Amino acid sequence: VFTDAVCVWGYRFGTLVLDKDGGLWTSSASGFEDAIQRDNWSFLLSDVVSASGDVWNGAAVCSDGSLWTWGPNNHGRLANGETDETFTFYPPQHIMDGVCKVREASYAITCDGTLYGLGLWDNCMEPVQLCENVSDVADTLYGIQVLFRDGTLCQLDLLEDPGQIKQIDLGLTDIAAVFFNGYCTEDGDTYLWNVGEEVMLSAASAIQIPVKTQFCVHNADGYLIMTTEGALYHVNLEDDSFLLKPLKE
């Protein structure tokens with residue numbers, strides 16, 4: 001479906017593809033009136049190193065550290081200082097600099113480890129600083145999990161007032177990576193949060209996937225994982241057990 005791709009990200013109403021030359025393309029709308037087209041893909045940005053999408057919106061980081069967001073902005077999601085009730089689909093707009101990572105089109109991490117939220121509260125129209133010394137961040141079914149540079153993992157809850165948060169220490173250390181509703185330790189042990197009706201994460205509510213994991217991604221049908229040995233599995237969590245379906249050895 002796309003040649004010369006080096007990375008791909010999915011979001012609810014489209015797919016983002018990064019080509020070998022640093023060009024970012026979308027299968028959804030770009031916001032440009034005369035978007036450059038390539039086999040039904042619309043061009044978004046050049047010189048991109050990382051990108052992500054939310055339900056409607058997208059965000060990308062360029063090699064110079066600039067952060068760009070695009071999509072509808074009726075709740076100030078783009079963090080560009082404005083809102084638009086007409087549900088206009090805006091093309092990429094420059095939001096801030098010094099960024100090294102963007103997640104879920106809603107969280108930006110700067111090169112010095114400062115975490116910012118983008119459009120997390122209605123009509124909160126600019127990037128809001130959340131915490132410091134952050135390595136990565138990912139959503140869960142309840143709250144946000146924040147991985148700090150020292151390997152500790154915390155839960156972050158957004159309170160009602162814009163910019164107000166509650167940080168909860170989960171007592172977990174030596175964490176190597178986080179992904180939607182789960183995390184991975186330094187030795188490849190991977191866990192999913194099985195929180196049921198609870199809104200508070202805890203080490204006791206984390207269930208270990210019975211394989212060593214190299215990476216894990218999530219979609220509406222479950223999780224796609226690659227083991228440290230290169231095997232590919234589709235995983236569903238049902239109650240306190242897993243359904244592992246081998247896809248490729």
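These legends accompany an overview and several close-up views of a predicted model.

View 1. Let us start with the overall picture. The radius of gyration is 18 Å, which agrees with the value near 18 Å that a compact globule of 249 residues would have. Along the principal axes, the C-alpha atoms fill a box of roughly 50 × 45 × 30 Å. Of the contacts between residues at least 6 apart in sequence, 36% join residues at least 24 apart.

**View 2. The accessible surface of the protein, about 12,400 Å².** Carbon and sulfur atoms account for 47% of this accessible surface. As for the interior, buried residues make up 48% of the 249 residues.

**View 3. Tyr 183 and Tyr 191, a stacked pair of rings.** A search of the whole structure turns up 7 aromatic pairs. In the pair formed by Tyr 183 and Tyr 191, the ring centres lie 5.2 Å apart and the planes meet at 15°; planes under 30 degrees apart count as stacked, so this pair is stacked. Tyr 183 and Tyr 191 are both buried.

**View 4. An aromatic cluster of Phe 2, Trp 25, Trp 41 and Phe 43.** Here you can follow the ring pairs that link these four residues, Phe 2, Trp 25, Trp 41 and Phe 43, into a cluster.

**View 5. Arg 38 over the rings of Phe 2 and Trp 25.** The charged end of Arg 38 sits over the ring of Phe 2, at 4.1 Å from the ring centre. That charged end of Arg 38 also sits over the ring of Trp 25, with 5.6 Å to the centre.

Note on methods
Residues numbered from 1 in each chain as written. Predicted model: local features only at pLDDT ≥ 70, side-chain atom pairs only at ≥ 80, totals over all residues. Heavy atoms only, no water. Phe/Tyr/Trp six-rings, centres within 6.5 Å; stacked < 30°, edge-to-face > 60°. Buried < 20%, exposed > 50% of the residue type's maximum accessible area, 1.4 Å probe, protein only. Lys NZ or Arg CZ within 6 Å of the ring centre and 35° of its normal. Rg over C-alpha atoms; globule rule 2.2 N^0.38 Å. Contact = heavy atoms within 4.5 Å. Areas by Shrake-Rupley, 256 points an atom, 1.4 Å probe, with all protein chains shown as cover.
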